[in-house]
Amino acid sequence: MVTGFEIQSSYTFVRFHYFVLGLYPAVVFHMGLIFPERKKVLSRFRALEYFMYLPALILAMAFLVHFSQTGEISGSSLGSSVRTYIKLGSMTRFFMLFCFLSWVLLVLHALFKAAEIHSQQRARMILFGVTISAAPTVTLMALAHFLKVHFPWNFLVFFLIFFPAAIAYSIIRHNLFEVDSIIKRTVGYVVVTAVVVGAYVLVSIFFNVFLGQYQVSQSKAFPIIFTLAIILIFNPMRDRIQSLVDRIFFRKEYDYGQIVDKIGGAITSLLDLGQIIRQLVGTFMKDMFIDTSSVMLLSTTGTGYQVYFADGERKSEVEKVILRRDEPLIEIIEKEKRELTKYDVLEDPKYKAVCEDCVKQFETLHASLMVPLLFQDEVIGVISLGEKKSGKSYNREDIDLFRTLANQGAVAIKNARLAEQMKSEEAVRANLARYLSPQIVDQVIKKNVQVNLGGDRKVVTVLFSDIRNFTRISESLPPDKLVELLNEYFTEMAKIIFQNQGSLDKYIGDAIVAVFAA
């Protein structure tokens, strides 16, 4: 804006103005490639990110060369100079138009194809700001290029004010770019990092001054040796300190493969349900720096999901949460069987009818992302995840990692529950086997027999059996021999009763009471 008016008067910054005018379109194109979402094509063709700067630099240098020769132009070559200036202006406008339209297309691509709802919302706000600010500028530039309509270009910059105004509105109204978190953490991060760099520089200066008084420091090889020594000795220390700073400010990047291997090896070797879930939640909290996390499991009755374990800043508020299966948030997760964010619910029109209820349930769990635990395409639980402590939003790599961990966790949880069920059945079987035949025990375990606490009226056969002359025998045998005799007798009798599908009712001294056809 300043240079746009200045080149109409004092001409002090005219070269700088036209140099920036040549580079500006490339910056716009570059921004479209990396914001609101970095395009996947850049991972394959990295040079594409900076390719547009080549023609931009050629244009910028052409302007500089043109203005450097302006002072030497005589009357005969004035017309040629003007024509050159007009051609450069036309090429610049065409280049700017091309980059601007490309940017709009890239933003539209993010609006419809971005993997994150944050990116789609940012694209929407960018398009809104562009429409009310840059559209008049582009229209006038197109008219000037194709219809030769002239307009005082320095007034065009006033239209651009609407673009930052739209972004400012989105920040204040929707906290769209999470500026408050970014500013607070960035300031702290920069300060601590500056301290680390300052300490590094001071150590370098100290050793340089300390060794400077010796003759060896006058050697031509000394600067090289000194630099290598600093790199070998202090760089590992600096990297460790920097890593600590990154962890303190929750900016340390996790290793996808390392976390998968770590959690996979841990939970697949466990059969304790509590340990498995604590391992999962612990990974989210410690390695991914999430403020609150919990795991909800489907109840044994199948009526709802209850928080089995929670950890983090809002742990006490989340621990006892129960969500019924007929609640909108759970219905969506069970139907779609995929990850769901709070921003999906807020922004996607298909959730409009249940948006308010779903947001309340997200807030109850202090979550911004829900990941289903799927086993054989059935939801057996849900992982709820709060916000990142770094203030960043979840990206596609985060979502892929959560899905992988959830799949591993679902298998481990199902195995643990089956193991618990087997232990429970084994305990029941052991208790029942003391009195019932194996056939009846199997039927009870498989729930093929209806067991009523009040009992049933049936015609049965009852066997009463005892040892003849047991009183006289007990008087003649020592206690240990008597117990041995009774154990042998009861074992053989129980075997015969069970072989005939009878049930032991009770032992009375040396007597056995058995029931058949019960």
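Guide: Strand β7 (residues 461-465) runs antiparallel to β9, and five bridges join them. Strands are DSSP runs of E with at least two residues, numbered from the N terminus, and two strands pair if DSSP finds at least two bridges between them. This is a predicted model, in which local features need pLDDT of at least 70, side-chain atom pairs count only at pLDDT 80 or more, and totals for chains, interfaces and linings use all residues. Residues are numbered from 1 along each chain as its sequence is written, and side-chain values use heavy atoms, with hydrogens and water left out.

Visitor: Which residue stands opposite Ile-512 in β9?

Guide: From β7, that is Ser-465. Ile-512 also has Tyr-507 as a bridge partner. Strand β8 (residues 502-508) pairs with β9 in the antiparallel sense over six bridges.

Visitor: And how many residues lie between the strands in the hairpin of β8 and β9?

Guide: Two residues do, and Gly-509 takes a positive phi near 65° there.

Visitor: Turning to rings, which residues form one aromatic cluster with Tyr-507?

Guide: Tyr-489 and Phe-490 do. The ring centres of Tyr-489 and Phe-490 are 5.5 Å apart and their planes are at 50°, so the pair is tilted. Rings of Phe, Tyr and Trp (its six-membered ring) pair if their centres lie within 6.5 Å; planes under 30 degrees apart count as stacked, over 60 as edge-to-face and the rest as tilted.

Note on methods. Helix = DSSP H or I, 4+ residues; strand = E, 2+ residues; numbered from the N terminus.
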